[in-house]
Amino acid sequence: MKAKEIQELIDFISNSGLAEVKIETDEFKLSIKKNSEVQAVAPAASPAPQVAQAPVQPSAPAETSSAPADNLLEVKSPMIGTFYRSPNPDAEFFVNVGDSIQKGQPVCIIEAMKLFNEVESEVSGKIVKILVDDASPVEYDQPLFLVEPQN
């Protein structure tokens with residue numbers, strides 16, 4: 001793994017909301033923790049000097065709901081990445097508060113590793129609250145929307 005690839009990985013992790021990542025292959029070991037230094041980057045076969053990086057800057061915590069109301073359902077993030085409410089900066093949002101949505105309807109995009117993944121709703125109903133700001137990092141299974149189910 002080249003230094004540029006390591007830096008790109010560190011940048012992605014710092015924006016993803018993860019606190020710690022460990023990667024181990026036959027060629028190297030890599031451990032990254034927020035608010036601490038990179039633990040080790042060295043070839044596994046030879047005892048080369050360790051490479052230390054500057055501490056990873058913590059990202060702003062995403063707002064999350066403590067618990068949805070009993071009658072509300074959550075649309076959750078299927079992956080770690082960056083949440084976008086529209087397909088591109090000039091387009092309208094997929095959904096807004098008050099919109100009715102159907103199961104299978106696209107509600108947002110999650111960017112992960114330069115790939116843009118359309119997220120489809122798993123429920124039908126009315127959008128009551130959007131829990132994440134546009135262009136914010138999200139974690140796996142993090143609630144994105146609160147939906148009042150249709151009767």
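Predicted model: local features only at pLDDT ≥ 70, side-chain atom pairs only at ≥ 80, totals over all residues.
**Entry 1: a charged pair**

I started with Lys-76, which forms a salt bridge with Glu-74; their closest N and O atoms are 3.6 Å apart. The cut-off I needed is 4 Å between a Lys or Arg side-chain nitrogen and a carboxyl oxygen of Asp or Glu, and the Lys-76 and Glu-74 atoms sit 3.6 Å apart. I then looked up how many salt bridges the structure holds, and the count came to one.

Lys-76 has 35% relative accessibility, so I put it down as partly exposed. Glu-74 comes out at 24%, so it counts as partly exposed too. For reference, partly exposed is the band between under 20% (buried) and over 50% (exposed).

**Entry 2: the pocket beside them**

Both partners turned up again when I looked at the second largest pocket: Glu-74 and Lys-76 are in its lining, along with Val-75, Ser-77, Pro-78, Val-119, Glu-120, Glu-122, Val-123, Tyr-140 and Asp-141. The space in this pocket is about 180 Å³.

Which element gives the largest share of the lining? I found that β4 does, with three residues. Strands β4 (73–76) and β8 (115–120) each put in at least two. I also sorted the lining by type and got five nonpolar residues, five charged and one polar.

**Entry 3: a look at Thr-82**

I moved on to Thr-82, which lies in strand β5, covering residues 81–84. Buried or exposed? I checked Thr-82. Its relative accessibility is 16%, so Thr-82 counts as buried.

Then I listed what Thr-82 touches, leaving out residues up to four places away in sequence. I got Ile-109, Ile-110 and Glu-111, and also Ala-135, Ser-136 and Pro-137.

**Entry 4: stepping back**

Last, I looked at the whole chain. I counted one helix and eleven strands.

How much of the chain is buried? Of the 151 residues, 32% are. The chain exposes about 9,500 Å², and carbon and sulfur atoms supply 49% of that.

I also looked at contacts between residues at least 6 apart in sequence. Of these, 53% join residues at least 24 apart.

How values were computed: Residues numbered from 1 in each chain as written. Heavy atoms only, no water. 1 Å grid on protein atoms, 1.4 Å probe; cavity = no way out; pocket = protein on both sides within 12 Å on 5 of 7 lines; lining within 4 Å. Points joined across faces, edges and corners; volume = space filled by probe spheres on them. Helix = DSSP H or I, 4+ residues; strand = E, 2+ residues; numbered from the N terminus. Nonpolar A, V, L, I, M, F, W, Y, C, P; charged D, E, K, R; others polar. Buried < 20%, exposed > 50% of the residue type's maximum accessible area, 1.4 Å probe, protein only. Contact = heavy atoms within 4.5 Å. Areas by Shrake-Rupley, 256 points an atom, 1.4 Å probe, with all protein chains shown as cover.
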